[in-house]
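This briefing goes through selected side-chain contacts and backbone angles in one protein. Look over the sequence and the structure before reading the points below.

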Amino acid sequence: MAKPQIATIVLFCAVVAAVLCAFPAPVSAAREIKKGFIVRGRVFCDTCRIGFETPASTYIAGAKVKVECRSKTTGVKNFEGVTDRTGTYNIQVADEHEHELCETVLLSSPDMSCAKFVRGRERARVFLTHNNGLSSDVRFANAMGFESETSLASCAKLLKMYEQDEV
């Protein structure tokens, strides 16, 4: 009777070994390999000339924006885009950039009356790696802006809301 038990044990071990060897292959094949990102943000016109978005700000369609990734070893990689009618851009960026410094950068405004960069709002850093716990491929950049040539008349009232006296 020892021979049937040995045969059962050998068969059991063979099945277990086959399952353990074959199982990682379908799991690896089913796992999605992520490549690339979508960088999303908005471009505004600072109609009150105070340096940040307000309820009086408008959004600029057709503004040119780029994502710039810099590294000492790979140099600079640029990915360009244009804002839609809501002032929103969605720029497709290829590959991982874990060891690079990536920023969205304003390039130009189609509105010549609102074409001067708002100081400190002309670029925004973005982290483009899947090695940070975020499951989405979409990365959001802070809003960037241009400054209007003149302030709107309604800005004085708006500034009181922010408790500022001077423009």
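**A buried serine and its surroundings**

S109 has a relative accessible area of 6%, so this residue is buried. The model is a predicted one, and every value here was computed from it. S109 sits in the loop between β6 and β7.

**Contacts of S109**

- The side chain of S109 comes to 3.1 Å from the backbone nitrogen of D111.
- A polar atom of the S109 side chain also lies 2.9 Å from the backbone oxygen of C114.
- Leaving out residues up to four places away in sequence, S109 touches I60, C114, A115 and F146.

**Aromatic rings**

- How many aromatic pairs are there? The count comes to one aromatic pair.
- The pair is F117 and F146, whose ring centres are 5.4 Å apart; the pair is stacked because the planes meet at 25°, and the cut-off for stacking is under 30 degrees.
- F117 belongs to strand β7 (residues 116-117) and F146 to strand β10 (residues 144-147), so the pair ties together parts that are 29 residues apart in sequence.
- Is F146 buried or exposed? F146 is buried, with a relative accessible area of 0%.
- F117 counts as partly exposed, at 38% relative accessibility.
- F146 is also one of the residues that S109 touches.
- Another ring, that of Y59, has R42 over its face, at 3.7 Å from the ring centre.

**Salt bridges**

- Side chains of opposite charge can pair when their charged atoms come close.
- A search of the whole structure gives eight salt bridges, and three of them are described here one by one.
- K66 and E68 form a salt bridge through their side chains, with a distance of 3.2 Å from N to O.
- K66 counts as buried at 15% relative accessibility, and E68 counts as buried at 11%.
- E68 also forms a salt bridge with R70, where the closest N and O atoms are 2.5 Å apart.
- R70 is partly exposed, with a relative accessible area of 29%.
- In the salt bridge between E100 and K77, the closest N and O atoms are 3.3 Å apart.
- E100 lies in the loop between β5 (88-93) and β6 (101-108), while K77 lies in strand β4 (residues 75-82), so this pair ties together parts that are 23 residues apart in sequence.
- E100 counts as buried at 17% relative accessibility, whereas K77 counts as partly exposed at 27%.

**Backbone angles**

- Most residues other than glycine have a negative phi.
- R49 is not a glycine, yet R49 has a positive phi of about 60°.
- R49 lies in the loop between β1 (37-46) and β2 (58-59), and R49 is partly exposed, with a relative accessible area of 32%.
- D95 is also a residue other than glycine with a positive phi, near 70°.
- Where does D95 lie? D95 lies in the loop between β5 and β6, and D95 counts as partly exposed at 43% relative accessibility.

Conventions: Residues are numbered from 1 along each chain as its sequence is written. This is a predicted model: local features need pLDDT of at least 70, side-chain atom pairs count only at pLDDT 80 or more; totals for chains, interfaces and linings use all residues. Side-chain values use heavy atoms; hydrogens and water are left out. Rings of Phe, Tyr and Trp (its six-membered ring) pair if their centres lie within 6.5 Å; planes under 30 degrees apart count as stacked, over 60 as edge-to-face and the rest as tilted. Helices (H or I, at least four residues) and strands (E, at least two) are DSSP runs, numbered from the N terminus. Buried means under 20% relative accessible area, exposed over 50%, partly exposed in between (1.4 Å probe, protein chains only). A charge sits over a ring if NZ of Lys or CZ of Arg is within 6 Å of the ring centre and within 35 degrees of the ring normal. A salt bridge is a side-chain nitrogen of Lys or Arg within 4 Å of a carboxyl oxygen of Asp or Glu. A polar contact is a pair of N or O atoms within 3.5 Å; within protein, one must be able to donate a hydrogen and the other to accept it, and residues adjacent in sequence count only if both atoms are side-chain atoms. Contact means heavy atoms within 4.5 Å.
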